[in-house]
Amino acid sequence: MTVPEFLAESISIFRGQKISAERAIAQIPDAQLHVVLGAEENSIAIVMQHIAGNQISRWTDFLTTDGEKPDRHRDTEFEARGLSREELLALWGRGWATLFAAIEPLTDDDLARVIMIRGERHTVTKAILRQLSHYATHVGQVVQLARHLAGDRWQSLSIPRGGSEAFNREKPR
């Protein structure tokens with residue numbers, strides 16, 4: 001895979017993660033964004049706060065400053081703030097916009113550059129892979145929570161259960 005292909009694929013995967021979470025979130029009412037299933041678990045709102053906080057910290061001036069910014073207060077990302085859907089989506093959008101603004105203009109030479117995250121050395125390539133994995137975990141949590149909360153109203157984000165054969169028949173080869 002060439003560097004431009006790696007960047008294009010990474011950006012595409014990040015966009016897919018964002019869209020999956022948003023499609024899941026759209027299937028539940030506002031109040032359910034704040035539902036916590038257990039004492040030590042997070043609501044969708046809290047996961048959204050954490051992803052956005054991480055993105056803003058990691059990707060702001062990431063080529064020249066440590067990805068864990070001094071003004072980030074990670075622990076507060078896991079506190080219920082009671083944000084409205086609109087406020088959550090605005091924060092969420094800011095996080096994703098920060099990420100895309102940082103990685104879309106990268107060049108071949110940038111991928112080999114060494115940056116810092118929490119004082120640990122990473123190539124830009126490693127940082128991108130680290131965050132792809134991190135966000136995938138949390139997007140999966142959002143989707144699973146939304147699916148649970150939506151119950152029988154849930155509309156599959158991919159191939160619905162029992163629909164593989166029909167999908168395979170309809171998919172052009």
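First, the ground rules. This is a predicted model, in which local features need pLDDT of at least 70 and side-chain atom pairs count only at pLDDT 80 or more, while totals for chains, interfaces and linings use all residues. Residues are numbered from 1 along each chain as its sequence is written, and side-chain values use heavy atoms, with hydrogens and water left out.

Now the layout. The chain contains 7 helices and 2 strands; these are DSSP runs numbered from the N terminus, with H or I of at least four residues for helices and E of at least two for strands. Read from the N terminus, the order of the elements is α-α-α-α-α-β-β-α-α. Along the principal axes, the C-alpha atoms fill a box of roughly 50 × 50 × 25 Å. The chain has 173 residues, and 41% of them count as buried. Here buried means under 20% relative accessible area, exposed means over 50%, and partly exposed is in between, with a 1.4 Å probe and protein chains only. Among contacts (heavy atoms within 4.5 Å) with a separation of 6 or more, 73% come from residues 24 or more positions apart.

I turn to the aromatic residues. The whole structure holds 6 aromatic pairs. For a pair, the ring centres of Phe, Tyr or Trp (its six-membered ring) must lie within 6.5 Å; planes under 30 degrees apart are stacked, over 60 edge-to-face, and the rest tilted. One of the pairs is Phe 14 with Trp 96, edge-to-face, at 6.4 Å centre to centre and 65° between the planes. This pair links distant parts of the chain, since Phe 14 is in helix H1 (residues 3–25) and Trp 96 in helix H4, 82 residues apart. Phe 14 counts as buried, at 0% relative accessibility, and Trp 96 is also buried at 0%.

What kind of pair do the rings of Trp 96 and Tyr 135 form? Their centres are 5.8 Å apart and their planes stand at 65°, so the pair is edge-to-face. Because Trp 96 lies in helix H4 and Tyr 135 in helix H6 (residues 124–150), this pair ties together parts that are 39 residues apart in sequence. Tyr 135 is buried, as is Trp 96. Phe 14, Trp 92, Trp 96, Phe 100 and Tyr 135 together form one aromatic cluster.

Helix H4 also carries Thr 98. Thr 98 has a relative accessible area of 16% and is therefore buried. Not counting residues up to four places away in sequence, Thr 98 touches Gln 55, Ile 56, Trp 59 and Thr 60.

Next, the largest pocket. On a 1 Å grid over the protein atoms alone, a pocket is an open set of points where a 1.4 Å probe fits, with protein on both sides within 12 Å along at least five of seven lines; lining residues have an atom within 4 Å of a point. The largest pocket holds about 240 Å³ of space, the volume being that filled by probe spheres set on the points, which are joined across faces, edges and corners. Its lining consists of 14 residues, with Gly 53, Ile 56, Asp 71, Arg 72 and Glu 77 nearest the centre. Helix H2 (44–59), helix H3 (74–77) and helix H4 (85–103) each give two or more residues to this lining. The largest share, 4 residues, is that of H2. By class, the lining has 2 nonpolar, 6 polar and 6 charged residues. In this scheme Ala, Val, Leu, Ile, Met, Phe, Trp, Tyr, Cys and Pro are nonpolar, Asp, Glu, Lys and Arg are charged, and the others, Gly among them, are polar.

Now the strands. His 122 sits in strand E2 (residues 120–123). Is His 122 buried or exposed? At 2% relative accessibility, His 122 counts as buried. The side chains of His 122 and Arg 130 are joined by a polar contact of 2.9 Å; such a contact is a pair of N or O atoms within 3.5 Å, where, within protein, one must be able to donate a hydrogen and the other to accept it, and residues adjacent in sequence count only if both atoms are side-chain atoms. Beyond four places in sequence, the contacts of His 122 include Arg 113, Val 114 and Ala 127.

Finally, two backbone remarks. Arg 118, in the loop between strand E1 (114–117) and E2, has a positive phi of about 55° although it is not a glycine. Asp 61, in the loop between H2 and H3, likewise has a positive phi, near 50°.
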